[in-house]
Amino acid sequence: MYKGAGNSIGIAIGNALVIREQAQEIVRKQVDDCAMEAQRLDAAVQKAKEQIEVLLEKANEELGEDQALIFETHLAYLEDPGYIGKVYGMIEEECVNAEWALEVVTEQLAAIFRASGGDVIAERVDDIRDVARRITNALLNIEEPGEGNVPGLEASIVLVADHLLPSELMRMDLKRIVGIVTQSGGTTTHVAIIAKSRNIPAVMGVAGVLANVKTDDVVALDAKKGVVEISPDERALAGYREAIAKNKKTAELLRPYIGMDAVLSNQKRILVEANIAYPEDAAIALQNGADGVGLFRSEFLYLERATEPGEEEQFAAYQSVAKRMQGRPVIIRTMDIGGDKPAPYLNLPKENNPFLGYRAIRICLDREELFRNQLRAILRASAFGKVLIMLPMISALEELIKAKAVIGKVKEQLRQENIAFDPGIEVGIMIETPAAVMLSDALAAEADFFSIGTNDLIQYTTAVDRMNERVAHLYSPYHPAVLRQIALTVKNAHARGIPVGVCGEAAGDAKLVPVLLGLGVDALSMNPHGIPAVKKTVCTGSAEAFEELAGQVLKMTTIEQIKKKLGEIG
Ligand code: PEP
Ligand code: MG
């Protein structure tokens, strides 16, 4: 039995897939003989083909034709002139290594799939990545992990790794993963957040687990309690199974709230919105009853690729979300690269303190071209729905003023080109640094709305790195200094008549939601799967009781007191 921090998604049982090494970083290399390089690719493609044929046969036997179709698709990619043909073409034209050509072509194709949106498209992205990973492994002589018993086909892999980057997770076939266990990292790392949005239980920061688990071991994890058990006995397994069934029942009971408006007992409407990372997540948001997208983490469009996403590609992504949300607000956060989200093609310098460094709005104001491209795409998408712009990591009023000036210039340019956009598009900011909280009166005069990013606000307020499991016990949304900052932000926003939401993980925390409502927040944006439960809290609680609770909590001075108080009701 191991302990860590869970992402609250529930319980999973599956077979371990242990990743002991970091994925290879693919770099561009010039080769002397491109014909030889093409032959290297021939051999790798052949090896991949043989592996897939084995899987296909087994899948046909054990699971039937429907399920086996996925491997037919994988085989087809190996012969597709529009895919593998382009890889050969790039090797011939540019005389580069096969791994690089494969990566570039795969990402181009994945970007095209992704930009066009849709669930089926998302699966195609998974498929193409799966094929590319297999060929890359063959090129690099890396053995395919634990494929002997076709683990994914029962959709029961628990990924166990020391450390996972969002890009590494997204490279995997998420349909096959039922749980994630990492030795390092915490629950607000982006891997934990992505897992949450895909409804995958994850336990992070589980010290020592790798030394005692091997691929195919049965692993059970409870992401609410933050526990992981390797090879549990029959009795324990029965307990986990029972808990899984109970969770399913709870989800059933929450189902009626999906279609409801969240209205407090004092008739105030609360927007309960979704945090999304990819255009296709909009479908998950709607399925769960989202009143809008409160945070579109647009930087995910910039990750795991070889080149910057162009204006057209971004426009297609934003437009698809705006259209799908059918007039509901869609808050697109301008890219928040840096911190734990690197983008190698931007050549960002290696930093000792990336979370205190060249990140988000700081990059955008420094590299205006990059910023303008994104703003053009967002503004163009604003003609297709209700789109809002949100600026991340604001720590000074000057940043907001400068960013607004750039937005003004981009609007002017679009006007001259006769390109449609919403001229009244709202521009808001994230409140995620203590500086922004302390300046929230002045910022409220310039911003159309606030959204409190508790994930970063906690880390910057308490000087606790949100990625560092050694200090994870100090990282708490129940910290009185954090809650008092939220109160001050709401007060200053409302004094200026602008709305304020919360879009960090705290917005979906069952114990904290009553406090946030009592403090007067107007919107809560979270992992889409958390929406029905939060709507229930809003609809069934008493606004007066929430206010009283918030008043009591604000007087408290320790995390322990606050936790105890909220534990009584949560
Ligand atoms: C936050 O900091 O709370 C937030 C929502 O942004 P991110 O988690 O993407 O940094
Ligand atoms: Mg943040």
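**View 1. Glutamate 432 and its burial in the predicted model**. Glutamate 432 has a relative accessible area of 2%. Because buried means under 20% relative accessible area, glutamate 432 counts as buried. Aspartate 456 is also buried, with a relative accessibility of 2%.

**View 2. The magnesium ion (ligand 2) and its protein donors**. Glu432 coordinates the ion through OE and Asp456 through OD, at 2.0 to 2.1 Å. Glutamate 432 sits in the loop that runs between β14 (427–431) and α14 (434–438), whereas aspartate 456 belongs to helix α16, so the pair ties together parts 24 residues apart in sequence.

**View 3. Polar contacts to oxygen atoms of ligand 1**. Asparagine 455 places a backbone N or O atom 2.8 Å from an oxygen atom of the ligand. A polar side-chain atom of arginine 466 is likewise 2.8 Å from an oxygen atom of ligand 1. For aspartate 456, a polar side-chain atom lies at 2.9 Å from a ligand oxygen atom. Ligand 1 on its own has 290 Å² of accessible area, and the protein covers 100% of it.

**View 4. The shell of residues around ligand 1**. There are 16 residues around the ligand, of which Arg297, Arg333, Gly453, Asn455 and Arg466 come nearest.

View 5. Helix α16 gives the most, with three residues.

Key
Residues are numbered from 1 along each chain as its sequence is written. Chains are lettered from A and ligands numbered from 1 in the order in which they are written. This is a predicted model: local features need pLDDT of at least 70, side-chain atom pairs count only at pLDDT 80 or more; totals for chains, interfaces and linings use all residues. Side-chain values use heavy atoms; hydrogens and water are left out. A residue is near a molecule or strand if one of its heavy atoms lies within 4 Å of it. A polar contact is a pair of N or O atoms within 3.5 Å; within protein, one must be able to donate a hydrogen and the other to accept it, and residues adjacent in sequence count only if both atoms are side-chain atoms. Accessible areas come from the Shrake-Rupley method with a 1.4 Å probe; for residues, only the protein chains shown count as cover. Helices (H or I, at least four residues) and strands (E, at least two) are DSSP runs, numbered from the N terminus. Donors are N, O and S atoms within 2.8 Å of the metal (3.2 Å for Na, K and Ca); water is not among the atoms, so sites may look incomplete. Buried means under 20% relative accessible area, exposed over 50%, partly exposed in between (1.4 Å probe, protein chains only).
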